[in-house]
Amino acid sequence: MNEQLLTDWFAAHPRLLVITGAGCSTEVGIPDYRDEQGQWKRPQPVTYQAFMGDELVRKRYWARSMLGWRVMGQAQPGRAHRALALLEQQGHIELLITQNVDGLHSAAGSRSSLDLHGRIDTVRCMDCGRRLARSQLQQSLLARNPHWAQLYAAPAPDGDADLEHEDFSAFEVPTCPHCGTGLLKPDVVFYGESVPRERVEQAMAALERADGLLIAGSSLMVFSGFRFAQAAARQGKSLIAINQGVTRADDLLEFKLEMDVGQALLSMARAS
């Protein structure tokens, strides 16, 4: 019944704007932030203001990231990523907007994709603006902090790790290898930081061209993604969601399927 409902909607809306969230990546071992009620499972992520203004916060962030990169740096696309890449190849996706920072949609072959919140596999110098690969920084972190590399911490969302009760003051964080002094930050949009305007404009333009909006594996609790659901509703376009739990857009949806997002998307791809 659910799959037929999805197939019928897909046939009536052949060119889609898709918004994806953490539910697309949980099956490959990357944890999500929220439970099925849309509530935080753990403390909220570090804010931009705290990261930029407090050296100890940065040390804690990079110590946890060094351990969390063991999972994030090795993650491979799952069923949801592969299905969306296939749907794009079949001509059904106007644009894929992902709130995830793991880069797995691109790794699966999606080309019409927008990393709304940036990419965790890239690091940016906040002084000179140059970028470097997160894997390059990982080698420097490990070389400077060999004792920390022996610790174990469970993986957390977005390349983080649940490392607590440590004295982070001794952790060494390298500066920018290009300018020699710059502060390094993941090239992602932190809480308290704005999504670049050009990304929002690109997404809104794609929404204008799309027949409908598909929300896949996201609660849309963060406004940066929810705004597109609001815009679609204002335009009179059909919205649906595949998500196991509540979404912020529930009262805007034509319907919602509370089922495995990878399974549902693969059914869509095979039926098209």
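**A lysine and its surroundings**

Mentor: Contact means heavy atoms within 4.5 Å. Leaving aside neighbours within four places in sequence, Lys 185 is in contact with Tyr 48, Phe 51, Met 52, Trp 62, Val 123, Arg 124, Met 126, Phe 190 and Glu 193. This is a predicted model, in which local features need pLDDT of at least 70 and side-chain atom pairs count only at pLDDT 80 or more, while totals for chains, interfaces and linings use all residues. Residues are numbered from 1 along each chain as its sequence is written, and side-chain values use heavy atoms, with hydrogens and water left out.

Trainee: Does Lys 185 count as buried or exposed?

Mentor: Buried means under 20% relative accessible area, exposed over 50%, and partly exposed in between, with a 1.4 Å probe and protein chains only. Lys 185 counts as buried because its relative accessibility is 1%.

Trainee: Which side chain does Lys 185 join in a polar contact?

Mentor: A polar contact is a pair of N or O atoms within 3.5 Å; within protein, one must be able to donate a hydrogen and the other to accept it, and residues adjacent in sequence count only if both atoms are side-chain atoms. Here the side chain of Lys 185 joins that of Glu 193 at 3.3 Å.

Trainee: In which strand does Lys 185 lie?

Mentor: Strands (E, at least two residues) are DSSP runs, numbered from the N terminus. Lys 185 belongs to strand 6, residues 184–188.

Trainee: How many bridges pair strand 4 with strand 6?

Mentor: Two strands pair if DSSP finds at least two bridges between them. Strand 4 (residues 118–125) and strand 6 are antiparallel, with 4 bridges; Val 123 has Pro 186 of strand 6 as its bridge partner.
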